[in-house]
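User: I would like to learn how to read the features of a model like this one. Can we take them in turn?

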Amino acid sequence: MAVITNIEDLRRMYQARVPKMFYDYAESGSWTEQTFRENSSDFDEIYLRQRVAVDMDNRSTKSQLIGQDVSMPVALAPVGLTGMQHFDGEIKAAQAAADFGVPYCLSTMSICSIEDVAENTSAPFWMQVYTLKDDDFMQRLFDRAKDAKCSAAVITVDLQLLGQRHKDLKNGLSAPPKLTPKSVANMMTKVRWGLGMLQTKRRFFGNIVGHASGVTDPSSLSSWTAQAFDQSLDWDRIREFRKMWDGPLIIKGIIDPRDALEACNVGADAIVVSNHGGRQLDGAISSIKALEPIMDAVGDKIEVHLDSGIRSGQDVLKALAMGAKGTWIGRAYVYGLGAMGQEGVTKALEIIHKELDTSMALCGRRDVTKVDRDILYVPKGFSDGWDA
Ligand SMILES: Cc1cc2nc3c(=O)[nH]c(=O)nc-3n(C[C@H](O)[C@H](O)[C@H](O)COP(=O)(O)O)c2cc1C
């Protein structure tokens with residue numbers, strides 16, 4: 001087997017092993033994909049400051065996210081349809097995260113249900129909730145998360161409607177995949193994936209089928225979203241959700257400092273600076289560019305995390321040095337999962353951990369919780385210089 005040394009190796013292996021419909025679902029952004037691309041390329045504009053002859057012995061990447069101990073400040077982001085990238089994908093990813101000592105966040109749009117993941121993994125996980133019109137469904141979702149002993153709820157606020165991803169429409173994305181001559185021809189070339197899928201019964205949206213009423217076609221992400229998601233969502237509605245969940249609460253999908261302040265006002269414990277991996281508003285600024293103004297506005301009021309575009313430990317280090325307390329990865333672990341199942345998720349975490357640890361050391365730092373902007377060269381005007 002080829003030697004895997006970086007996240008890009010996993011992506012290539014993933015592309016070869018998983019049906020095109022699901023690869024394309026993960027590896028795309030909305031419309032022109034500008035934001036999707038810039039999420040990653042903007043990290044390259046920031047340079048790390050190398051220091052030498054500084055004692056780098058006894059390093060630590062340990063930290064805390066919302067008061068929970070983590071082996072490094074990297075969480076696995078909620079990713080819909082993970083169980084289509086690899087059989088029982090959510091369980092495998094959650095277990096890899098538990099073994100590594102980092103949080104796993106389960107998506108509302110998962111294939112394995114909340115109960116499935118709780119029964120088959122060894123550590124509490126975080127539950128992501130989309131904001132739907134159906135109050136009963138919402139209350140039940142929070143109750144189910146509580147019964148499953150989830151250690152945080154994550155409300156995603158940037159998806160009341162779906163940013164269009166052209167490839168999903170062209171591929172007829174669904175779970176389970178619709179059998180057309182084209183999709184069958186492609187799936188027949190993905191033998192390992194197919195044999196895995198035959199081993200499991202988990203092929204539908206496990207949190208929705210049997211739990212939500214009035215859903216006519218639960219296999220189709222776009223039709224379900226259009227029917228069920230609440231386009232009238234506002235901060236008052238989010239306050240109602242806050243009342244439905246009395247545990248730690250994270251608000252995900254903040255790109256503007258004004259929205260970050262609103263999130264503080266509803267009593268969230270943390271926010272995730274995120275543009276949904278470039279899958280929603282195409283043309284939005286990258287998360288790493290959005291971070292500094294948000295830190296200025298709320299950095300002393302709330303814990304700030306960041307996702308979107310992270311593909312390496314160097315990216316994690318840059319986000320931490322810009323002020324984020326934690327980072328989340330989406331595609332980076334999905335590549336690993338599609339490539340090699342649970343082992344691949346572990347591999348992705350190992351790669352990022354090693355890169356983070358080594359880069360921190362070469363910047364002359366030993367404690368990940370203490371890295372700051374002093375280890376960076378940030379170009380002038382990186383996060384400002386726009387007309388308001
Ligand atoms: C295939 C895919 C599905 C996603 N599904 C969800 C989801 O169900 N809920 C959610 O809050 N975010 C979802 N996201 C966004 C991720 O949680 C995260 O914000 C994003 O992946 C971060 O960008 P990155 O992939 O560049 O790391 C999804 C992202 C991807 C790539």
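User: How many bridges pair E5 and E6, and in which sense?
Analyst: Strands of a sheet pair through backbone hydrogen bonds, either parallel or antiparallel. In this predicted model, E5 and E6 pair in the parallel sense, over two bridges. Cys105 has Trp126 in E6 as its bridge partner.

User: Are the faces of strand E6 covered or open?
Analyst: Both are covered. Trp126 and Gln128 are buried on one side, Met127 and Val129 on the other. The strand spans residues 126-129.

User: In what order do the strands of the sheet lie?
Analyst: The order is E4-E11-E10-E9-E8-E7-E6-E5. These eight strands form an open sheet with parallel pairing. Strand E4 (74-76) and strand E5 (105-106) are at the edges. Each has a single partner strand, so one side of each lacks a neighbour in the sheet.

User: How many bridges join E8 to E9?
Analyst: Four, and the two strands run parallel. E8 covers residues 249-254. Ile250 is opposite Ala270 in E9. Helix H14 packs on the sheet, where it touches E8, E9 and strand E10 (303-306). The direction of H14 makes about 175 degrees with that of E10.

User: Where does UniProt place the active site?
Analyst: The unreviewed UniProt entry puts "active site" at His276. His276 sits in the loop between strand E9 (270-273) and helix H14 (287-298).

User: Why is His276 called buried?
Analyst: Count neighbours. A residue is buried if 20 or more other C-beta atoms lie within 10 Å of its own. His276 has 26, so it qualifies. Leaving out residues up to four places away in sequence, His276 touches Asp158, Leu159 and Gly253.

User: Which residues does UniProt list for "binding site"?
Analyst: The unreviewed entry lists Tyr25, Arg165, His276 and Arg279. They are spread over 255 residues of sequence, yet they cluster in space, with a largest C-alpha distance of 13.2 Å. Take Arg165, in the loop between strand E7 (152-156) and helix H8 (166-171). Arg165 is buried, with 25 other C-beta atoms within 10 Å. Beyond four places in sequence, Arg165 touches Ser28, Ser30 and Arg279.

User: Which residues come nearest to the ligand?
Analyst: Of the 24 residues around the ligand, the nearest are Ala77, Gly80, Ser107, Gly277 and Gly330. Helix H2 (20-26) and helix H16 (331-362) are the elements that give two or more residues to this shell. By type, the shell holds nine nonpolar, 11 polar and four charged residues.

Notes
Residues are numbered from 1 along each chain as its sequence is written. This is a predicted model: local features need pLDDT of at least 70, side-chain atom pairs count only at pLDDT 80 or more; totals for chains, interfaces and linings use all residues. UniProt positions are given in the numbering used here, feature names are shortened, and annotations may be inferred rather than shown by experiment. A residue is buried if 20 or more other C-beta atoms lie within 10 Å of its own, exposed if 12 or fewer, and partly exposed in between; C-beta atoms are placed from the backbone. Two residues are in contact if their C-beta atoms, placed from the backbone, lie within 7 Å. A residue is near a molecule or strand if its C-beta atom, placed from the backbone, lies within 6 Å of it. Ala, Val, Leu, Ile, Met, Phe, Trp, Tyr, Cys and Pro count as nonpolar, Asp, Glu, Lys and Arg as charged, and the others, Gly among them, as polar. Two strands pair if DSSP finds at least two bridges between them. Axes are lines fitted to C-alpha atoms, for helices over the stretch in contact, and angles run from 0 to 180 degrees between N-to-C directions.
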